[in-house]
Amino acid sequence: MAALGVVTALPARSTAAGVQPQALVLDPFPEQHGAGYTAQDAVTLLQSAGFRVTDLEGTQVTVPVMMTLSHYAVIYVFTHSGPLPNNDAAVATGDTRHAMYKKYFRTQSLVEMHIMSDHGFRYFDAVTGRFIDRYTGKFSPHSIVFLNACTALGMTQFWVDLKKAGVGTLISWRHHVNNTDADVGAHEVLAALARGESVSQAIRQAFELGAGISVVKGKLGTLAYTGDGGNTFARATSGALTAAR
Amino acid sequence: MSRTRLVVAMTTAGVLALGVVSLGRPAAAAVPLEAATATATATVGTVTATATSTATAVVATGTATATPPPPPPPPSVATATATAAAPTATATAAPLGASAVLVARANVRHVGASALVRWTMAYQLGVKGFRIYAHRRDLTPRLIHPHHARSYSARVPWTNGGHYSLHILFKNGHTQTKAIR
């Protein structure tokens with residue numbers, strides 16, 4: 001990793017008892033939130049639940065950063081994702097460098113996605129489930145990944161890889177979601193989780209409030225989860241602290 | 001599961017904007033959901049909106065109620081009331097999806113009466129095979145199977161001014177098409 005010129009400000013996995021559990025908020029396309037929303041909403045909710053939050057935006061969301069995902073008990077990502085032919089998912093980062101990641105492209109762990117950004121259409125590096133399984137290390141028990149992006153939940157291979165890496169629960173969307181519905185859904189789910197609700201309860205409550213659904217080109221997308229629906233922030237925290245001992 | 005979702009979709013289709021207002025967010029969030037019936041725009045700060053229904057939202061309780069559209073429309077008007085200041089913005093709902101780049105490069109070369117089509121795959125896990133088309137005409141007698149090396153070439157008749165399309169067939173039944181010229 002050092003050879004890749006990693007962002008150095010990232011914390012290492014907690015190693016001492018009593019250390020605050022850590023959460024990661026990744027926002028590679030901060031300009032693409034729904035009107036009035038920013039990633040700060042997720043940061044605040046996670047902080048209110050007792051997490052020390054690392055918040056990275058835009059070009060800070062690099063491929064090396066994605067290698068540190070397993071250091072966190074809860075990961076929230078607002079980004080673009082898309083399906084791959086083998087039912088894996090591509091999850092866009094804010095990184096547009098390619099040559100230095102040749103090794104990962106060669107193993108088909110990284111792909112490029114053509115995405116409209118503030119600087120026009122650009123090719124962004126996107127990690128796959130294969131990348132997460134191979135290069136991010138082992139996640140702590142009951143860790144929660146909230147991937148606020150299109151279609152990732154329908155991609156069975158993506159979940160197989162995340163589960164292999166130790167992820168407890170994946171929250172994401174079936175089919176497409178637009179930015180505003182994604183922000184609204186995330187707010188409701190994270191708020192419920194911060195109140196101590198389980199993942200399945202949080203998603204049910206989001207539905208009851210009219211969130212967690214999105215219609216894109218006439219097709220209904222829904223927020224859902226796979227893995228442990230009884231998972232909570234408390235469980236994710238205790239899993240992380242157990243793993244650190 | 002699907003029954004639950006259907007109920008949610010039917011009962012909340014007109015309410016999501018209200019939920020948003022109740023959070024102190026701009027009602028513009030409703031744009032995509034109401035796209036099938038109308039385009040809704042709203043500015044919560046000044047609390048004006050156009051939509052197909054009349055709406056009231058209460059910030060303090062986080063609850064929202066909606067009444068059906070007023071009969072007969074002159075252009076319908078929705079009124080939202082919010083007790084907290086909220087940011088004002090114009091919504092542009094955009095999907096959070098994009099396609100991964102599967103084909104790194106592709107080109108075609110005119111060689112006598114034939115065309116030599118060449119392409120290199122960036123990602124080919126889950127690919128079942130390839131076919132080359134000119135308009136709707138399949139020029140490949142047999143499916144071209146993927147192999148370990150990611151570069152491919154195929155000789156096909158020169159036709160359609162050298163405009164071809166590469167059809168990438170996935171094992172999961174989906175297909176992606178890329179134009180080559």
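Two residues are taken to be in contact if their C-beta atoms, placed from the backbone, lie within 7 Å. The structure discussed here is a predicted model. In chain B, of the contacts that link residues at least 6 apart in sequence, 53% join residues at least 24 apart. This chain contains two helices and eleven strands, and its elements follow the pattern α-α-β-β-β-β-β-β-β-β-β-β-β along the sequence. Of the 181 residues in chain B, 33% are buried.

In chain A, attention turns to an open sheet of four strands. Its order is S4-S5-S7-S6 (chain A), and the pairing is antiparallel. The edges are formed by strand S4 (81-83) and strand S6 (110-117) of chain A, each of which pairs on one side only. From one strand to the next, the twist averages 35°. Strands of a sheet pair through backbone hydrogen bonds, in either a parallel or an antiparallel sense. Between S4(A) and strand S5 (residues 89-92) of chain A, the antiparallel pairing extends over three bridges. In one of these strands, S5(A), Ala89(A) is the bridge partner of Pro83(A).

Helix H8 (residues 233-244) of chain A comprises twelve residues; at 1.5 Å a residue it should span 16 Å, and because its end C-alpha atoms are 16 Å apart, the expectation and the model agree. Which residues of H8(A) are buried? They are Phe233(A), Arg235(A), Ala236(A), Thr237(A), Gly239(A) and Ala240(A). An α-helix has 3.6 residues a turn, so residues three or four places apart point the same way. The buried residues of H8(A) pack against strand S3 (74-78), strand S8 (144-148) and helix H6 (179-194) of chain A.

Conventions: Residues numbered from 1 in each chain as written. Chains lettered and ligands numbered in written order. Predicted model: local features only at pLDDT ≥ 70, side-chain atom pairs only at ≥ 80, totals over all residues. Expected span 1.5 Å × (residues − 1). Buried ≥ 20, exposed ≤ 12 C-beta atoms within 10 Å, placed from the backbone. Pairing = 2+ DSSP bridges. Axes fitted to C-alpha atoms, helices over the stretch in contact; angles between N-to-C directions.
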